[in-house]
Structure formats: structure tokens, C-alpha cells
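This briefing covers the nonpolar packing, a strand pairing and a pocket, and should be read alongside the displayed coordinates.

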Amino acid sequence: MSSHETAGRPDALLDVRDLRVSFPGKGWRTPDTDVLKGVGLTIRPGETLGLVGESGSGKSTIGRAVLGLAPVRSGSVTFDGERIERAGARRRRALSRDLQVIFQDPYTSLNPARTIGDTLAEPLIGQGAGTREARTRIGDLLDRVHLPSDAAGRLPREFSGGQRQRVAIARALALRPRLVICDEPVSALDLTTQRTVLDLLLEIQQETGIAYLFVSHDLSVVRFMSHRVAVIHRGEIVETGDAAKITSEPDHPYTRTLLLASPVADVAEQRRRREASEQAGTVGRA
Ligand code: ADP
Ligand code: MG
């Protein structure tokens, strides 16, 4: 491959091209499952790209492939100008400074036997911080996610789901990453808590200029969070564009179907969408 290809798009923080991921079949005659069939997407510094699609469409697999946790068959993942789709363990460890993740389930993503302070200290110490430096940084991080400083001495079970997700956010932010992959970060939370966690993610972005790959099956959540949106259907991106445009007047029939399935508070708006979609003759397709 040429060095030109290696550089990716000059203004992109993350540039994914023609990414194919296949999982090997379980039995000796079971064929491989092609989960990503040539996915492309770009995220600029400070930008949120929403990734939306129904369950099983391959959203988490994209995030996992970027993190080096899925079997990449072909294609490229370029982060800050560097190809990382085949990065080894050592390079991955260095990359974890810039590239972090928040998972859906705040009940399983934190070690139940560790205090919040120990959980937050781990990445800091792992990257060479001293104990005192780590302690100061942990105070700042708890403050940043609006948790009390005495949270450091407590265990995950003493916290609600929303508070645990704040801890997971603080852990992701510990090393001041430039991109955080948020994989359904509020899907396990009740509606009121969802909103406060989303507001926190937006506030952090405003203050730090961090970029997000924001994964959700919920179009209304994606619309709230994103600058641009990519729609995935059965392992292929079917539509990408401005968030407001895609979530109100999508071009692709599959996105229109998603839009109809997404609960919208405004009933008149919902009716308008349904009529528009029926006119386009797309109901029941895709
Ligand atoms: P989403 O996050 O959009 O719900 P996923 O990326 O988790 O979807 O999964 C996409 C498809 O890949 C699903 O059909 C799933 O069963 C399959 N898949 C995911 N992980 C594995 C794996 N480790 N082995 C085999 N198949 C997998
Ligand atoms: Mg998923």
C-alpha cells in the first residue's frame, strides 16, 4: 500500500475504510459470518458521529474493530494519520491514551470488588503517574462527572446505575483521550437518568473538545447527541450525513423505517413523518 493511503483523510481523527469483519463459523463446516461488509466512516476532532441501526446490525462490532477487539478481515482503520487495524498489544496500550470506550452496562463494566478510586487510579498508574498525581487527578475526574470526592473510597454497589455510568465516563476520561467510543451508554438507564448522562457527555465535549463515536439503536438519542449520523443496516452503512437532516428527512428507505419506529414526543411531527414516508411508498419495506 502507498504512504498516501496510510495517511487517511487529512482532517480526520478517525478514518475507517472498507472495513470487513467476519467471525469464524463454530463447527468445522459452518461458514464464517460476515458481520461488517465494507464499512466506511470518518470522525473529525471534536465531532460526534452517531451510529444508529437496529440490534444485530453491527454497531458494536465497528467499535470493537476500532479498539482492536474484532477480527478485521480487510480494510483500514486510521487514527490521527496512523493505520491501527493490525496494531499489536504494545501499540494498543499506547493508543489507549487517545482512544477510550464506555459500554452499555454500568453493572458489569466496573469491578465490584474495587473502590471507585482504585478503578480510576488503574489507567493513571498504568501510564506512569505517581500516587499523589493520581490522587489529584481522581479528585478532578470525580468533580468533572459531578460525583462527590468521597466516592473514591466507595464500592460500585453503593451507587445507582446513573452514578456508575458517571464512574465509567470518568475512567474513560482519565487519560484525556481524543476519541471515546460510547456503545449504547444510556440504554440501560431510565429516561430521566439517560438525559442527565447525555447532558454530561455534551458538557464534557464542550469543555474538552473530545470526539465521540456515539452508538445507539435509538434515533432520538442519536439525534440529540450527534453532529453527523451514519445509519447501519446488516453490516453496511446505508446513509451518512448531517444529524438534523438524516433524522428528519432521510434519503434512504431503511432510515425512514427507523424513523417511524423511533418514539417521538411530538405527535404532529410523527404524523407528518409518517405521511411523508407513506408518500414515498416505503412503509413495510427494508
Ligand atoms: P449491534 O451492536 O448492532 O447490536 P453487533 O455488532 O453486536 O450488533 O453484532 C452484529 C452481528 O455480529 C450479530 O449478528 C452478532 O450475532 C454477530 N456477532 C457479534 N459478535 C460475534 C462473535 N464474537 N462471534 C460471532 N458472531 C458475532
Ligand atoms: Mg451493540
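In this predicted model, I169 touches I102, V145, V197, L200, L201 and I204, once residues up to four places away in sequence are left out of the count. I169 also belongs, with I102 and F214, to the residues that touch the most other members of the largest nonpolar core, which has 47 residues.

**Nonpolar cores**
- Another core, which lies apart from the largest one, has 30 residues, including L36, V77, I84 and I232.

**The β9–β10 hairpin**
- Strand β9 (residues 228-233) pairs with strand β10 (residues 236-242) in the antiparallel sense, and six bridges connect the two.
- H233 has E236, in β10, as its bridge partner.
- Two residues lie between β9 and β10 in this hairpin, and R234, which is in the turn, has a positive phi of about 50°.

**The largest pocket**
- The largest pocket holds about 560 Å³ of space.
- Its lining is made up of 22 residues, of which S96, Q100, V101, P123 and R171 are the closest to the pocket centre.
- Two or more lining residues are given by each of α3 (89-95), β6 (99-102), α4 (116-126) and α6, and the largest share, four residues, comes from α4.

Definitions and conventions. Residues numbered from 1 in each chain as written. Chains lettered and ligands numbered in written order. Predicted model: local features only at pLDDT ≥ 70, side-chain atom pairs only at ≥ 80, totals over all residues. Heavy atoms only, no water. Core = buried A, V, L, I, M, F, W, Y, C linked by side-chain atoms within 4.5 Å. Buried < 20%, exposed > 50% of the residue type's maximum accessible area, 1.4 Å probe, protein only. Contact = heavy atoms within 4.5 Å. Pairing = 2+ DSSP bridges. 1 Å grid on protein atoms, 1.4 Å probe; cavity = no way out; pocket = protein on both sides within 12 Å on 5 of 7 lines; lining within 4 Å. Points joined across faces, edges and corners; volume = space filled by probe spheres on them.
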